[in-house]
Amino acid sequence: MQMTRVAPTAQEEDDPDGHSLLAGLYAVSRACDDAGPAMSWRHFAASVRSGSGGERAEAWAARDGDRVVGGHILHLPQDDNTHLAMLRLMTHPSRRRAGVGGALLDHAIGRVRDLGRSVLIAEAPSDGPGTAFAKARGFSPASTETRLVLDLRTADWSGLELLRGRATRHATGYSLERWAGPTPDDLLGDMARLTEGMNDHPLGDLAMEDERWTPERVRAREEMLGRAGQRTYTVIARHTASGEPAGFTQLVVDAERPEGWARQGATTVLAPHRGRRLGLVLKLANLTWFRACESSIERVITWNSVENPHMLAINEALGFEVFDTWHQWQLDI
Ligand SMILES: CC(C)(COP(=O)(O)OP(=O)(O)OC[C@H]1O[C@@H](n2cnc3c(N)ncnc32)[C@H](O)[C@@H]1OP(=O)(O)O)[C@@H](O)C(=O)NCCC(=O)NCCS
């Protein structure tokens, strides 16, 4: 078995049906898809080129002759968390339990050491083979997240409208602003502050430090999302008296291959503004607007740390239901 770096050219990235290493790696990724939303070709190609914001990426294919049988993708934060590498590791289902995953992990560890990083983080569904693999290879469980799904077709929209009315009465003194796609230039500073609000979300035992966001990093992330074919819907709350940003929420849909799915992106309310139901107001406003704009979308999926009862309570009030559970695994190297 050979490990080969996947460094696609722009031409290869435009050719999902070609015979490039990237196409081989994507075929493995599709074969490993779980029941949630699948990654489109464009999104996958962009994630091989770079992470989701301020990261570098490198990808490797495990080849048996001409055939790609597995691979790994490392995402390497640049602006903070420079001790970390986030790993996606996959073996084609037809080639499992034959040491491919172990060889890929050894290779990834070697690369991470060469890059001067000391912690590897990977995630896997709790009921899939990744859990047994991670345990066998000495990873520690660091955090657990539940995925929840809201079915937009069966949601109780009149009940939600009543809920919105009641919640809005607690959230007086705030106005909402919204936009689809990239953030307007004059709001990039607000978005950087709001994104840093995500630093308060529970991380369990993950060895992660606070992220630092600047207007430039917000824009770089949005440019990556644009290249990946991801369309965003953003609502922010502004404190009327001070003019300060207070919270935001974002929904993301894959323009190329939505297949009925949208993903909930980040939601945060900054500390001085918590306890006023702004989280619920923001999410409801965005869901209602999103549904009117994206009529083909049937379901929204969200990630929720099991240690975040406030967000879980909001999601349950909105009608989200548990879909599955994932563990984040960590390895000191
Ligand atoms: C997890 C995954 C990468 C393992 O790939 P693989 O090529 O089968 O891994 P290996 O053959 O090197 O397995 C190494 C060891 O992991 C453990 N293991 C792997 N899969 C297992 C399973 N389904 N059940 C029990 N143990 C398992 C075993 O201890 C195995 O050694 P053994 O076969 O000698 O008993 C593969 O199942 C996969 O791609 N899953 C989907 C993606 C995923 O979950 N990735 C996250 C990894 S943290």
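In this predicted model, 12 strands form an open sheet with mixed pairing. Read across the sheet, the order is β1-β2-β3-β4-β5-β12-β6-β11-β10-β9-β8-β7. At the edges lie β1 (2-6) and β7 (174-180), each of which pairs on one side only. Neighbouring strands of the sheet are turned against each other by 25° on average, direction ignored.

Strands of a sheet pair through backbone hydrogen bonds, in either a parallel or an antiparallel way. Strand β3, residues 67-77, runs antiparallel to β4, and six bridges join the two. Within this pair, isoleucine 73 stands opposite arginine 88 of β4.

Two helices can now be placed on the sheet. Helix α3 (residues 41-49) packs on the sheet and touches β1, β2 (55-64), β3, β8 (230-239) and β9 (245-254). The direction of α3 makes about 110° with that of β2. Helix α9 (residues 278-293) also packs on the sheet, where it touches β7, β8, β9 and β10 (261-269). The direction of α9 makes about 35° with that of β9.

The model also holds a ligand, which is surrounded by 21 residues. The closest of these are Gly101, Gly102, Pro129, Gly130 and Ala132. Sorted by class, the shell has 13 nonpolar, six polar and two charged residues.

Key
Residues are numbered from 1 along each chain as its sequence is written. This is a predicted model: local features need pLDDT of at least 70, side-chain atom pairs count only at pLDDT 80 or more; totals for chains, interfaces and linings use all residues. A residue is near a molecule or strand if its C-beta atom, placed from the backbone, lies within 6 Å of it. Ala, Val, Leu, Ile, Met, Phe, Trp, Tyr, Cys and Pro count as nonpolar, Asp, Glu, Lys and Arg as charged, and the others, Gly among them, as polar. Two strands pair if DSSP finds at least two bridges between them. Helices (H or I, at least four residues) and strands (E, at least two) are DSSP runs, numbered from the N terminus. Axes are lines fitted to C-alpha atoms, for helices over the stretch in contact, and angles run from 0 to 180 degrees between N-to-C directions. Two residues are in contact if their C-beta atoms, placed from the backbone, lie within 7 Å.
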